[in-house]
Amino acid sequence: MARAVVVGAGIGGLTAAVALQQRGWDVTVFERASSLEPVGSGLAVAANALKALDTIGVGDEIRELSAIQGEAGVRRADGRWLMKTTEESTSARHGDSVVLLRRADLVDALSARLAPGTIRLNTTVTGVDPESGRVTVEAGRPRTQRADGPASGTETGAADGMAAGAEGVETGPADGAEGVEADLVVAADGIHSPIRAALFPGHPGPRYSGVTSWRVLIPGGGVPGQTFESWGDGKVFGVMPLAGGLAYCYATDTVPAGGGGGDQRAELLRLFGKWHTPIPALLAAASSENVLRNDVHHLATPLPAMHRGKVALLGDAAHAMTPNMGQGACQAIEDAVVLAHLAGEGAGLAGYTAARLERTAKIVTRSATICRTSQFRNPLAVRLRDMMMALTWRLAPGRMTGAMDEVLGWTPPTS
Ligand SMILES: Cc1cc2nc3c(=O)[nH]c(=O)nc-3n(C[C@H](O)[C@H](O)[C@H](O)COP(=O)(O)OP(=O)(O)OC[C@H]3O[C@@H](n4cnc5c(N)ncnc54)[C@H](O)[C@@H]3O)c2cc1C
């Protein structure tokens, strides 16, 4: 049986592990943290990723665990809608809804599909040889957070995820796992991927996008069936209703990297406390200790390839993007099912790069453009931007929805 090692048990790594195992690979996932998914936040999973999850039999479970996006749109800080779509039109156009759920629920659903013992927590990959597929690992000290660290710009924070010891998970390092030979190594080790840096030493790596982000889950908040993102001067505030009466709020502000510290709920109230309803009430109901703050970085320069030798890069390791299109995890999920489909086939990993690099690079660029537009502070520029958005939506809605067709209309490869 061919052997695959997956580095990193984030959404991308877990999806790859499930997809490869279902295709008969002997899979081991090494994760340096001591638990899965400690990020206490929500996630939008769009039609393209739901179709990918369907191919590994997880799509319907995710739909059941989720709230649907419902009526969704962009507003101004005073609440006026600039554009709005209905659930029916989104589904009709893209063949599925956008669904909203806790990240931990997606991680639980994926890890539950893995054979017992597939995931080795507290195990850090310290070296990968792309030619031989040899992976070296080291028993790490138990961590309660994933190792990206609070200032990494990606995912870390308060633990609400599945604890070690759940289905498919071993809590200790692999026995005698100083070195493992693999036919395929999947580098799903996140935005600060040491594997990417080692394989592509000339690549400049992640760049600060100009915004810092906050995320918080709030019990009993939000308007069921209504999702919105409100734009102000250099700031964005989004609200997604999740199942069970939970609201997921996220926000960004245009500030230099490296801030933070102190009470982040108080900071959110300072920045957004005078915005339209229900934002102030939601923030009043939030707990300070549940607010995550991360600077947002992205891979502004595409990699020359998404593989080298026996190593395939996937998810944020390959194409970290700003969160403006809600596609970072969705693209990681697409990568994973495409990789499992192509690995071990004729064109192998070159086929994977051919299938994924151009598509993901385009989405990184589009996302960064939206991010820059959200950073306007000059009042005139903000008014013009808002006017353009509202006018385009009224006069040529197809131009805006059409831009998303290519992203959401993706279909997974068929056997
Ligand atoms: C504010 C915000 C909102 C977002 N909203 C959305 C959204 O609504 N929809 C969406 O699709 N995307 C969204 N994203 C993006 C999404 O969160 C990421 O793209 C996605 O989580 C990336 O998954 P990943 O598996 O590639 O990497 P990660 O989740 O970063 O996982 C990498 C894993 O590798 C492990 N690791 C690293 N190095 C090693 C090593 N040497 N050995 C072993 N393990 C290692 C880490 O501990 C980690 O567990 C958002 C991002 C942000 C910042």
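Visitor: Are Tyr248 and Tyr250 buried or exposed?

Guide: Both Tyr248 and Tyr250 are buried. That word means under 20% relative accessible area, with exposed over 50% and partly exposed in between, using a 1.4 Å probe and protein chains only. A caution: this is a predicted model, where local features need pLDDT of at least 70, side-chain atom pairs count only at pLDDT 80 or more, and totals for chains, interfaces and linings use all residues. Residues are numbered from 1 along each chain as its sequence is written, and side-chain values use heavy atoms, leaving out hydrogens and water.

Visitor: What makes Tyr248 and Tyr250 an aromatic pair that is tilted?

Guide: Rings of Phe, Tyr and Trp (its six-membered ring) pair if their centres lie within 6.5 Å; planes under 30 degrees apart are stacked, over 60 edge-to-face, the rest tilted. Tyr248 and Tyr250 have 5.7 Å centre to centre and 40° between the planes, so the pair is tilted.

Visitor: Why is the pair of Phe272 and Trp275 called edge-to-face?

Guide: Their ring centres are 4.9 Å apart and their planes stand at 80°, so edge-to-face is the label. Phe272 and Trp275 also share one aromatic cluster with Phe237.

Visitor: How do you know that Trp275 is buried?

Guide: Its relative accessible area is 11%, so Trp275 counts as buried.

Visitor: Which residue has its charged end over the ring of Phe228?

Guide: Arg75, at 4.8 Å from the ring centre. The rule asks for NZ of Lys or CZ of Arg within 6 Å of the ring centre and within 35 degrees of the ring normal.
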